[in-house]
Amino acid sequence: MFSLTSPLILASQSPRREQILRMLGFEFSILPADVDETIPSGMKAPDVPEALAKAKSLHVSREHPEKLVLGADTLVVLEDRVLGKPSGTQEALQMLSFLSGRTHQVYTGVALAMGGKIVGSGTACTEVTFETWNKDVLEAYVRGGESLDKAGAYAIQGQGAFLVQGIRGCFFNVMGLPIQKTLRLLQPYQRP
């Protein structure tokens with residue numbers, strides 16, 4: 001569906017981001033960026049994903065300056081507490097218990113680089129409200145393994161959909177790549 005004037009690299013190993021870009025019809029290669037994802041001290045949580053997306057896209061763009069490089073990063077935030085990927089099943093259960101019955105924000109930053117420079121970036125926010133579930137149900141979900149490599153310990157597009165009572169904003173942002181923001185970044189490079 002979409003054709004670009006320059007080759008595109010996705011600087012991510014996320015299968016969900018790959019799936020979304022393929023769904024939109026983009027042709028691209030994948031080259032995950034090996035960057036430090038430590039949250040900078042003093043940076044507000046909503047600003048972190050865009051900063052990390054820029055770091056990822058710049059890292060790959062410096063190696064491939066003739067190509068467009070798309071980077072992205074997603075964080076789940078509740079009450080100024082950042083919930084990244086859990087370190088194990090116990091942390092996953094703690095995260096899900098914290099989110100249960102409450103509304104949290106999912107921030108995804110996207111950045112586009114070319115020639116070793118950022119040519120565009122932005123952040124999308126989606127509010128996600130969880131249904132209230134007891135510990136036994138949450139433990140059963142965590143045992144399934146799906147929660148271990150996801151920010152906030154759940155996959156809205158998978159079995160974790162049962163956790164969600166409702167969302168306000170872009171569904172695909174919760175999966176890891178906000179469609180509207182991404183298309184706006186790529187629009188100047190689309191073939192007529």
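Helix α3 (residues 89-99) and helix α4 (residues 135-143) pack with their axes 10 Å apart and at an angle of about 135 degrees. Here axes are lines fitted to C-alpha atoms, for helices over the stretch in contact, and angles run from 0 to 180 degrees between N-to-C directions. Helices and strands are DSSP runs numbered from the N terminus (H or I with at least four residues for helices, E with at least two for strands). The model is a predicted one, in which local features need pLDDT of at least 70 and side-chain atom pairs count only at pLDDT 80 or more, while totals for chains, interfaces and linings use all residues. Residues are numbered from 1 along each chain as its sequence is written, and side-chain values use heavy atoms, with hydrogens and water left out.

The pair α3 and α4 is therefore oblique; angles under 35 degrees count as roughly parallel, over 145 as roughly antiparallel, 65 to 115 as roughly perpendicular and the rest as oblique. The crossing of α3 past α4 is right-handed, a term used if the near helix is turned clockwise from the far one by less than a right angle, with anticlockwise giving left-handed. On the α3 side, the contact is made by Thr89, Ala92, Leu93, Leu96 and Ser97, and on the α4 side by Lys135, Leu138, Glu139, Tyr141 and Val142. Contact means heavy atoms within 4.5 Å.

Helix α3 also holds Leu99. This leucine counts as buried, at 0% relative accessibility, where buried means under 20% relative accessible area, exposed over 50% and partly exposed in between (1.4 Å probe, protein chains only). Leaving aside neighbours within four places in sequence, Leu99 is in contact with Val76, Leu78, Leu83, His104, Phe130, Gly152 and Tyr154.

Turning to helix α2, its 16 residues (48-63) should span 22 Å at 1.5 Å a residue, and the end C-alpha atoms are 24 Å apart, which agrees. The expected span is 1.5 Å times one less than the number of residues. Buried residues of α2 include Val48, Leu52, Ala53, Lys56 and Val60. Among the elements covering the buried residues of α2 are the strands β1 (8-10), β3 (68-78), β5 (103-114) and β6 (117-130).

Another helix, α6 (residues 179-186), contains Thr182. Thr182 is buried, with a relative accessible area of 0%. Not counting residues up to four places away in sequence, Thr182 touches Leu21, Leu70, Val110 and Leu177.

Glu79 has a positive phi, near 55 degrees, without being a glycine, and is placed in the loop between β3 and β4 (81-83). Ala153, likewise not a glycine, has a positive phi of about 70 degrees and lies in the loop between α4 and β7 (164-168).

Finally, how many disulfides does the structure hold? There are 0, with a disulfide taken as a pair of cysteine sulfur atoms within 2.5 Å. The sulfur of Cys125 is too far for a bond because the closest cysteine sulfur, in Cys170, is 11 Å away. Cys170 is likewise in no disulfide. Cys125 is partly exposed, at 37% relative accessibility, and Cys170 is also partly exposed, with a relative accessible area of 23%.
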